[in-house]
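Colleague: I am new to this structure and would like to learn how to read it. Could you take me through a few features in turn?

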Amino acid sequence: QTMMLDRAFKENDLSGVSKASGTRFYSKGLPVALGLDQESLRPYFALQSVWDSLVAIAGGVFGLTLCKAAEAIPVWDAEVTVFEVRPVAGGAPAAYVYLDPYARRDKSGAGWAVEVVPGSGPLLVHLMGQLPAKDTGLTWGEVQGLFQTLGDALADVATFGNRTAQEAATAKAEYLQAWNKEQAALLATAQGTGEGGAPMPDDVFKMLASATMPAPAQARPPIPDDFYAENLLDKVALFLFRMLVQKEINYVSPTKGYKGLLEEAEHYVMHSKATKEDQQNMVIRVLKTIAGPAVPPVYNTFMAPWPWSPFFTALFTPPFFKFLVGPNRLALRTDGSLGGVYVDRCRFLEETSCKGLCLNLCKIPTQKFFSDVLGMEMTMNPNFDTHECRLSFGLEPAPLEADDTVPRGCISGCTMGQKLRDEKLPAQVFCSNK
């Protein structure tokens, strides 16, 4: 099938192939109308760096991994590379991607094209470009073209199977909406250094970033300067909490106060090589230390089994929770019952705008701590647009993959993408969990 597909690309005008077989095409420039010389950007976008970034982003958006095929698979040109596409959770290959990036005499057309060929087994994806030569790098327009073609193909892979045509179309649209939000993350992680090792000039990076950064889905009103003002209890609690975190992660930020806690969290995620499970377990250990040996058995015996426990837990939560999230108050649960706490603007989410930090260092481990250690279910529902959050004690949380309140991909304004660039960390360092 793949050889037939390649002959179709070689023997026909691309427009004819598109009309006959549904190939999707993306223009050579996908122009960034910023007055930049596209050719001057090639040194900053090596194909390998761009591809590594795309592979990392694909894992978060589509739940798919792309690795070079373990077995030698015949190809029609030495520059074609075959990748196996598998679910992150494991299993048999769902597709094979044939990356054919460079121009050849027998290769017509311009820009990037992608063809997804169904068969009796895994899907076959032919991803074809017209890069001028090896080791010349890509223009930003070519990076965007590769981004769009790969995303379109992986959306097909992710939605292929036991779905109606309507369900598949709806799911694909949702996947592509999430994928398109990742251009800012791609820019932050794919670009390398130019000639002589010089980094991309900041003014050029900011111009490209301004054209790719998604706008917030919902505007957030400004908050007063004293909105997160700390009282004595907040300061003591924060100091003790930081000590426990520092002991766990073996890192101490020199910055005082809440900013120092954020720096420690980001340093841990970006530099410790901790998996998402490691991050969650670290927080659970901190919470266990805070609870001590006496609280869990007492709570399991005298609180968790009884119907009034959600309300009384919520009643005592706000004053001891404020140092981490800011102003919060007693409220109803998401089902309208007693036993909820409402956070006006979560300080942690407001400061970081990072979904991964929110999920792996707050929402998921806190839910697990209540369920596994204290014996009572608890659901946290952060709003990633408004930065509000609602805690519902006594309600079982939905599995993350089925939680419609958690968006796919990175959220607008995420601080981690820029930090990845500033510290020149590899593209595989991502914190997104869905």
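Modeller: Start with strands. Helices (H or I, at least four residues) and strands (E, at least two) are DSSP runs, numbered from the N terminus. Two strands pair if DSSP finds at least two bridges between them. This is a predicted model, so local features need pLDDT of at least 70 and side-chain atom pairs count only at pLDDT 80 or more, while totals for chains, interfaces and linings use all residues. Residues are numbered from 1 along each chain as its sequence is written, and side-chain values use heavy atoms, with hydrogens and water left out.

Colleague: Which residue of β6 is the bridge partner of V116?

Modeller: Strands of a sheet pair through backbone hydrogen bonds, either parallel or antiparallel. In this model, the partner of V116 in β6 is V125. Strand β5 (residues 112-117) runs antiparallel to β6, and five bridges join the two. Strand β4 (residues 95-102) pairs with β6 in the parallel sense, over seven bridges.

Colleague: Is strand β6 mostly covered or uncovered?

Modeller: A residue is called buried at under 20% relative accessible area, exposed at over 50%, and partly exposed in between (1.4 Å probe, protein chains only). Strand β6 (residues 123-131) is mostly covered, with nine of its nine residues buried. Both of its faces are covered.

Colleague: What is the order of the strands in the open sheet of four?

Modeller: The order is β7-β8-β10-β9, and the pairing is antiparallel. The edge strands are β7 and β9 (378-382), each of which pairs on one side only. Neighbouring strands in this sheet are turned by 25° against each other on average, direction ignored. For that angle, axes are lines fitted to C-alpha atoms, for helices over the stretch in contact, and angles run from 0 to 180 degrees between N-to-C directions. Inside the sheet, four bridges join strand β8 (residues 338-343) to strand β10 (residues 389-393). Y342 has R390 in β10 as its bridge partner.

Colleague: How do I read a helix, and what span does α4 reach?

Modeller: An α-helix has 3.6 residues a turn, so residues three or four places apart point the same way. The expected span is 1.5 Å times one less than the number of residues. Helix α4 (residues 140-159) has 20 residues and reaches 28 Å from its first C-alpha to its last, close to the 28 Å expected. As for cover, 19 of the 20 residues of α4 are buried. Just after α4, G161 takes a positive phi of about 135°.

Colleague: How many salt bridges does the count come to?

Modeller: Side chains of opposite charge can pair when their charged atoms come close. The rule used is a side-chain nitrogen of Lys or Arg within 4 Å of a carboxyl oxygen of Asp or Glu. By this rule the count comes to 16 salt bridges. In one of them, E264 pairs with R242, with the closest N and O atoms 2.6 Å apart. E264 lies in helix α9 (residues 257-271) and R242 in helix α8 (residues 232-249), so the pair ties together parts that are 22 residues apart in sequence. E264 is buried at 0% relative accessible area, and R242 is buried at 9%.

Colleague: Which residues are linked with E39 in a network of salt bridges?

Modeller: The network links E39, R42 and E142. Between E39 and R42, the closest N and O atoms are 2.7 Å apart. E39 is partly exposed at 46% relative accessible area, whereas R42 is buried at 9%.

Colleague: Which residues make the nonpolar surface patch?

Modeller: Patches are made of residues with over 30% relative accessible area and no salt bridge; like charges are joined within 9 Å, and nonpolar side chains (Val, Leu, Ile, Met, Phe, Trp, Tyr) within 5 Å. Accessible areas come from the Shrake-Rupley method with a 1.4 Å probe, and for residues only the protein chains shown count as cover. Here W306, W308, F312, L315, F316 and L330 make a nonpolar patch of about 600 Å². Helix α12 (residues 309-325) gives the most to this patch, with three residues. L330 lies in strand β7 (residues 328-332) and counts as partly exposed at 38% relative accessibility.
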